[in-house]
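I am opening a notebook on this structure. I will write down what I look up, entry by entry.

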Amino acid sequence: DVASSPDVRPQKKKSNISRNQLDSVFKELEHKVITLIKNELKRFRKLLSPDYPACPEREVEDEEDLQSVREGALKITLHVLKNMNHTDLANTLHNKLASMYQTELKSSLREKFKRINEGISQHGSSALLNEIYTELYITEGWSGDINNEHEVRQIETASRRPATQETPIKCNELFKDKSIRRVLTKGVAGIGKTVSVQKFILDWAEGKANQDVTFMFPLPFRELNLMKQRNLSLMELLHHFFPEMRKLELLDCDSYTVVLIFDGLDECRLPLNFQKNERLCDVTESASVDVLLTNLIKGNLLPSALLWITSRPGAANQIPLECVDQVTEVRGFSDPQKEEYFRKRISDQRLANKIITRMKSSRSLYIMCHIPVFCWISATVLVRMLGEAESGEVPKTLTQMFTHFLIFQIKHKDQKYHQKCDPDPQQTRESILALGKLAFQQLEKGNLIFYEEDLRECGIDGEVAVYSGVCTQIFREEFGLHLGKVFCFVHLSVQEFMAALYTFLCFIFRKTNVLVKQRTGRFHFFRKSTMSDFLR
């Protein structure tokens, strides 16, 4: 019956601590909390002192649990200062703390951007950017029209344009006009957009330019692509890419200047749906990377932050015109800058002059030298042909130049890895066909960069080094600034050459016309053509 049933109600657990003991614990707790807060207030007072150094030494790293306590003490201090109508002091304190994080960020970016791999990316073969950097010709303005011509044709057209029609602008002066918040810089593949970004960041990190900027955050699209499945807040995204900034919980763009750099819009594999993406204004609210980007560009997130986006011309229209305040174009090397490059690149000045004369004798090759990467390829080939024991006719066309370049890289690979002068024809053929197939398939999709899944789709397994090692300077394996592996050819024209070579070799050795299979994409108009039609 009810009287005999057990009592199943939860029983209150009696505390084993007496009232006196509790009072004692809280008295000690009060003393410790007050001491901790006092110590933090002393630190804040020191930061606000007029004689506190502008570039303070890096503080000793806190333990994780103590760091969260210090963040709490800062929040309380800022809150109370504002309630006391000392908002100016609260802002000054916040900015002083930000400058401490800036020192760490600058140090990290200096290490990441001080060296450059010119065409290749093997460790130990890089050069100091400041030693080989040649200023690029950049102009203001753009009509907004999309040019569907091949990019080589665009370079030729631009080379005929009178300089008087253009307004040149220096890379470090993109945000000199304070009314400009969002800059879109366009330029054909390999023209020097990424190197310009690298120099812009390095000059800031070394204290040479744009010192009114508190934080600079480079976020390349090729690395943002790797996070397209993630949901996170803007602050979490920045903390992921820049671990040294994890102590900074919020970005106050009204109190200091922040620059976000998005390099390689043409490499973006995010939808960038400006019309349908939800509005987001809170830097601590989680969303997809795509939503974060569209809200940053539209000005909903960090409306006072400065944004610099780079892109090839064909992809630039992904950004709505109303979301761009200034458009600039990287035109590459002017004629004097071409000569400056060769003289910096080649220490033997007699040989440099000889190469410059040879390049000038071929109009098509000299026009291509507007592209820095092509200058590097030309220097690689001609130094070997004119300065060493190589023989043969000096290349006069783009195809001849790339053919010589490919031959040199195959020889270089076998001499370096196998200590033999004559490459194995069968192995070389298979390796070139594998790279050519990748070039062809990705060109069909419009991709200039590839990820490991793209390689697998093409039949190239995880032993990428075997394939990239065949032509170490043709196919490049990049270790992203922050994330996994990214692969690309050194230039779009090299990828096009490899795709064309693959098509030709398939026809010669396998008796198959790979163009016949194309129903869509760039090569579909060749599907009924013969090989002779294609070659014409």
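**Helix 11 and helix 13**

I started with how these two helices sit against each other. The model is predicted, and I read it as such. I found that the axes of helix 11 (residues 349-361) and helix 13 (residues 372-387) come within 10 Å and cross at roughly 115°. Angles of 65 to 115 degrees count as roughly perpendicular, so I noted helix 11 and helix 13 as roughly perpendicular to each other. Their crossing is right-handed.

I then listed who makes the contact. Helix 11 brings Leu351, Lys354, Ile355, Arg358 and Met359. Helix 13 brings Phe374, Ser378, Leu382, Val383, Leu386 and Gly387. Sorted by class, this contact has 7 nonpolar, 2 polar and 2 charged residues.

**Helix 15 and helix 18**

Next I looked up a second pair. Helix 15 (residues 425-445) and helix 18 (residues 492-509) have axes 7 Å apart and pack at an angle of about 120°. I wrote this pair down as oblique, because that is the class the angle falls in. The crossing here is left-handed.

The list of contact residues from helix 15 includes Ile432, Leu433, Leu435, Ala439 and Phe440. From helix 18 I noted, among them, Met498, Leu501, Tyr502, Leu505 and Phe509. The class count for helix 15 with helix 18 is 14 nonpolar, 4 polar and 3 charged residues.

**Leucine 448**

I moved on to a loop. Leucine 448 is in the loop between helix 15 and strand 11 (449-450). Is leucine 448 buried or exposed? It is buried, because its relative accessible area is 17% and the cut-off for buried is under 20%.

Which residues does leucine 448 contact, leaving aside neighbours within four places in sequence? I found Ala189, Arg312, Phe487, Cys488, Phe489, Leu492 and Gln495. Two of these names, Leu492 and Gln495, are also in the helix 18 list above. I also checked valine 490: it is 42 residues from leucine 448 in sequence, and the C-alpha atoms are 9.6 Å apart.

**Threonine 185**

Then I went to a strand. Threonine 185 is part of strand 4 (residues 182-186). Its relative accessibility is 2%, so I counted threonine 185 as buried.

Threonine 185 and valine 330 are 145 residues apart along the chain, yet their C-alpha atoms are separated by 6.9 Å. Not counting residues up to four places away in sequence, threonine 185 touches Lys193, Trp308, Ile309, Thr310, Ser311, Thr328 and Val330. With threonine 328 there is a polar contact between side chains, at 2.6 Å.

I looked at backbone angles last. Most residues other than glycine have a negative phi.

Asparagine 85 is not a glycine, but its phi is positive, about 65°. I located asparagine 85 in the loop between helix 2 (64-83) and helix 3 (87-113). Asparagine 85 is exposed, because its relative accessible area is 68%.

Leucine 272 also has a positive phi, near 45°. I placed leucine 272 in the loop between strand 7 (257-262) and strand 8 (287-288). At 6% relative accessibility, leucine 272 is buried.

**The whole chain**

I noted 19 helices and 13 strands. Of the 536 residues in the chain, 50% are buried. Among contacts between residues at least 6 apart in sequence, 73% join residues at least 24 apart.

How values were computed. Residues are numbered from 1 along each chain as its sequence is written. This is a predicted model: local features need pLDDT of at least 70, side-chain atom pairs count only at pLDDT 80 or more; totals for chains, interfaces and linings use all residues. Side-chain values use heavy atoms; hydrogens and water are left out. Axes are lines fitted to C-alpha atoms, for helices over the stretch in contact, and angles run from 0 to 180 degrees between N-to-C directions. Helices (H or I, at least four residues) and strands (E, at least two) are DSSP runs, numbered from the N terminus. Angles under 35 degrees count as roughly parallel, over 145 as roughly antiparallel, 65 to 115 as roughly perpendicular and the rest as oblique. A crossing is left-handed if the near helix is turned anticlockwise from the far one by less than a right angle, and right-handed if clockwise. Contact means heavy atoms within 4.5 Å. Ala, Val, Leu, Ile, Met, Phe, Trp, Tyr, Cys and Pro count as nonpolar, Asp, Glu, Lys and Arg as charged, and the others, Gly among them, as polar. Buried means under 20% relative accessible area, exposed over 50%, partly exposed in between (1.4 Å probe, protein chains only). A polar contact is a pair of N or O atoms within 3.5 Å; within protein, one must be able to donate a hydrogen and the other to accept it, and residues adjacent in sequence count only if both atoms are side-chain atoms.
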